[in-house]
Amino acid sequence: MENEIRKLKEIFPFEYAKGDKIFTVNFISLNEDIHYSMICKNTDKFYRLEDAFYDKFPEYKNCSNFYLIHDKIIDKYNNLESNNINDNDIIVVKPKINNGK
């Protein structure tokens, strides 16, 4: 039983608790060179998704990025539910390059 639990934890990158909803969100860059789906929970803080995005696309890490959902800036310290982010929503990545680079 413990071995099965360990295997499941390796597959799913997060803990699941009562009231959690699992869904996907889609990151799209302004120039549309990025189309990336991510599994998440309604209780995840947005910065967890941001960190996972940077792991996949490190070239965006050195930018001051804004993330938009329904034309509103996402508060990365709030959870997805508080940011009104739902299943299959599209999150637009708007990079602003630091120091004019």
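Leaving aside its neighbours within four places in sequence, which residues is N42 in contact with?

Modeller: Happy to. First, some ground rules. This is a predicted model, where local features need pLDDT of at least 70 and side-chain atom pairs count only at pLDDT 80 or more, while totals for chains, interfaces and linings use all residues. Residues are numbered from 1 along each chain as its sequence is written, and side-chain values use heavy atoms, with hydrogens and water left out.

Now your residue. With its neighbours within four places in sequence left aside, N42 is in contact with G19, D20, K21, F23, N79, L80 and E81. Contact here means heavy atoms within 4.5 Å. N42 sits in the loop between β2 and α2. Those labels come from DSSP runs: helices are H or I with at least four residues, strands are E with at least two, and both are numbered from the N terminus. N42 counts as buried because its relative accessibility is 4%. The cut-offs are under 20% relative accessible area for buried, over 50% for exposed, and partly exposed in between, using a 1.4 Å probe and protein chains only.

Let's follow one of those contacts, D20. D20 forms a salt bridge with K41, and their closest N and O atoms are 3.3 Å apart. The pair ties together distant parts of the chain: K41 belongs to strand β2 (residues 35-41), D20 to the loop between α1 (2-11) and β1 (22-29), and 21 residues separate them. A salt bridge means a side-chain nitrogen of Lys or Arg within 4 Å of a carboxyl oxygen of Asp or Glu. The general idea is that side chains of opposite charge can pair when their charged atoms come close. K41 counts as buried because its relative accessible area is 9%, and D20 is buried too, also with 9%.

K41 has another link, this time through strand pairing: in β2, K41 is the bridge partner of I22. Elsewhere along these strands, I28 stands opposite H35 in β2. Seven bridges join β1 to β2, and the two run antiparallel; strands pair if DSSP finds at least two bridges between them. Together β1 and β2 make a hairpin with five residues between them, and E32 in the turn has a positive phi of about 65 degrees. Six of the eight residues of β1 are buried, so β1 is largely enclosed by the rest of the structure.

Along with Y16 and I39, I22 makes a nonpolar surface patch of about 330 Å². Patches are built from residues with over 30% relative accessible area and no salt bridge; like charges are joined within 9 Å, and nonpolar side chains (Val, Leu, Ile, Met, Phe, Trp, Tyr) within 5 Å. Areas come from the Shrake-Rupley method with a 1.4 Å probe, and for residues only the protein chains shown count as cover. Y16 lies in the loop between α1 and β1, and counts as exposed because its relative accessibility is 54%.

What about other salt bridges? A search of the whole structure finds three. R48 pairs with D44, with the closest N and O atoms 2.9 Å apart. R48 is partly exposed at 27%, whereas D44 is buried at 7%. K76 pairs with E50, and there the closest N and O atoms are 3.6 Å apart. That pair also spans distant parts of the chain: K76 is in the loop between β4 (72-73) and β5 (89-97), E50 is in helix α2 (residues 46-56), and they are 26 residues apart. K76 is partly exposed at 32%, while E50 is buried at 8%.

As for disulfides (cysteine sulfur atoms within 2.5 Å), the search finds zero. C40 is buried at 0%, and C63 is buried at 16%.

Finally, let's zoom out. The protein has two helices and five strands, running α-β-β-α-β-β-β from the N terminus on. Its C-alpha atoms fill a box of roughly 55 × 25 × 20 Å along the principal axes. Buried residues make up 34% of the 101 residues. Among contacts between residues at least 6 apart in sequence, 55% join residues at least 24 apart.
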